[in-house]
Amino acid sequence: MHHLQRALQDLRKLLLRKNFKETLLVPLKTVQESGILDKISPEERKRQEAIFEIITSEYSYQHSLDILVRLFKKSDELKQTINGTDHHHLFSNIADILEVSKRFFEDLEKRHKDNPFIHDISDIVENHASNHFQPYVIYCSNEVYQQRTLQRLLISNVTFKETLKQIEISPECGGLPMFSFLILPMQRVTRLPLLMDTICQKTDPYSPEYEACTRALKAISKLVKQCNEGARKMERTEQMYTLQTQLEFGKIKPFPLISASRWLLKRGELVLVEEAGIFRKGFGKTFCYLFLFNDVLIITKKKSEDSYIVTDYVKTDQYEVDLTDDVDNQISMSSKTGTLGTRSPTGQFLFQITMRKNSEGRREQIVLAADTLSDRARWITALEVKEENKRYSRSKTAGLRQVEITKAYMAKQPDEVSLQQADVVLVLQEEDGWYHGERLRDGERGWFPQSCAREITNQVAVERNVKRMERLRLETDV
């Protein structure tokens, strides 16, 4: 879905509206007028600014949630265009999220009213993250249904689309689509650990405030982890049930596909160049469709858009992947003898999978061809992962490039990673317009387009990011 790519940029438009921005900055203005900031050290001033960033950003976030609930969720006109299930999938428990935000902001605001110079807010953050923010886990777990439902309705339901447009042109929306509001809870909950970490950085590490700050950081990071796991589990479960209905084993010995410990890493169609020692001819290409899970690779032939016949499978610890000159030379030699015609039908994007024990316990070898260099690189990267990704330590990150995300990106394939604007990513691999990287804030890995990122060339910034990564992962047990 392309909406996510514009969402953060759209949100900035709303924040730049004159009246709204002035309202947002009222608490900070009060402190400035009191003269307190002139009497404290530059480091404490930065700490106060970091505290106010949480308060003011929660205010703007709450304001946007209120628009989402009032104008969209409670719209009778919009509700009449869809059934109850779709309405629930779109808005889930957003009303609960709004109430959670209101209570959080009320406590923050009360702390400010008690004293314009805020001693600390760590106890408030820890309390709400530990005891009141559970609705975020429910909302984030529903994300896959929300995005899928919205995409389907925009394509297939003209009445819904037109009614939605009429609401979106309301001045209160600031020219933003509903999707920009729907993704705010996910953005907010993943941003809070970074905001708390900024406060930690500006706090004396030997003070009681620092200990309280790190507890708050752990609490909010634990919540984010629950949100991510909830969304991932829901998506994987639905995906596995769907795939079980689409795969036909036929003559191949079947096995139960659905398992709590199995999930899809990558899927897609490739050209089958060689199978069991037989080279395919250049005309009339033979295709196969691969489903790569974390524990098994299933090779199929596509029967229709939602039906596949299994031709073989192999456990991920029973195969090797090769990208060698031998494969290309072998294909080239065969083409000279006429087996493949005058040239390889697939160009140069070839790789080989050797199965030590296939579905029948035999040794088999296949040569496959991808359409692009990036597609081949992505398949090889996915196929070579035999266990959960290991996150990089400081010693390993020293020589890696870093990029900053300039445009939000929503993953479209299982091997991609969703990114928010301003995310920092370690580049592990680069191929044909794509990066394979590790998101600095939590270690998630995946592919994303180079067009949505720019390289960080300032070495001071690079080193600072590495230190922040180390601290975040140590303090949050991420």
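**Figure 1. Packing of helices H7 and H8 in the predicted model.** The axes of helix H7 (residues 94–114) and H8 cross at roughly 165° and come within 10 Å. Angles over 145 degrees count as roughly antiparallel, and H7 and H8 are therefore roughly antiparallel to each other. Their crossing is right-handed. H7 contributes Arg-103, Phe-104, Asp-107, Leu-108 and Arg-111 to the contact, and H8 contributes Asp-123, Ile-124, Val-125 and His-128. Of the residues in this contact of H7 with H8, four are nonpolar, one is polar and four are charged.

**Figure 2. Packing of helices H8 and H14.** Helix H8 (residues 122–131) packs against helix H14 (residues 208–246) at an angle of about 25°, and their axes are 8 Å apart. That angle makes H8 roughly parallel to H14. The crossing of H8 and H14 is left-handed. On the H8 side, Ser-122, Val-125, Glu-126, Ala-129 and Ser-130 meet Glu-209, Ala-212, Cys-213, Arg-215, Ala-216, Ala-219, Ile-220 and Leu-223 of H14. The contact of H8 with H14 comprises eight nonpolar, two polar and three charged residues.

**Figure 3. The largest nonpolar core and the surroundings of Phe-160.** The largest nonpolar core has 63 residues, and those with the most contacts inside it are Phe-72, Phe-91, Phe-133, Tyr-136, Phe-160, Met-178 and Met-196. Helix H4 (residues 42–73) supplies the largest share of this core, 12 residues. Neighbours within four places in sequence aside, Phe-160 is in contact with Leu-78, Thr-81, Ile-82, Leu-90, Leu-150, Leu-153, Leu-154 and Met-178. Another core, of 21 residues, lies apart from the largest one and includes Leu-272, Met-355, Trp-379 and Leu-383.

Methods. Residues are numbered from 1 along each chain as its sequence is written. This is a predicted model: local features need pLDDT of at least 70, side-chain atom pairs count only at pLDDT 80 or more; totals for chains, interfaces and linings use all residues. Side-chain values use heavy atoms; hydrogens and water are left out. Axes are lines fitted to C-alpha atoms, for helices over the stretch in contact, and angles run from 0 to 180 degrees between N-to-C directions. Helices (H or I, at least four residues) and strands (E, at least two) are DSSP runs, numbered from the N terminus. Angles under 35 degrees count as roughly parallel, over 145 as roughly antiparallel, 65 to 115 as roughly perpendicular and the rest as oblique. A crossing is left-handed if the near helix is turned anticlockwise from the far one by less than a right angle, and right-handed if clockwise. Contact means heavy atoms within 4.5 Å. Ala, Val, Leu, Ile, Met, Phe, Trp, Tyr, Cys and Pro count as nonpolar, Asp, Glu, Lys and Arg as charged, and the others, Gly among them, as polar. A nonpolar core is a set of buried Ala, Val, Leu, Ile, Met, Phe, Trp, Tyr and Cys residues joined through side-chain atoms within 4.5 Å. Buried means under 20% relative accessible area, exposed over 50%, partly exposed in between (1.4 Å probe, protein chains only).
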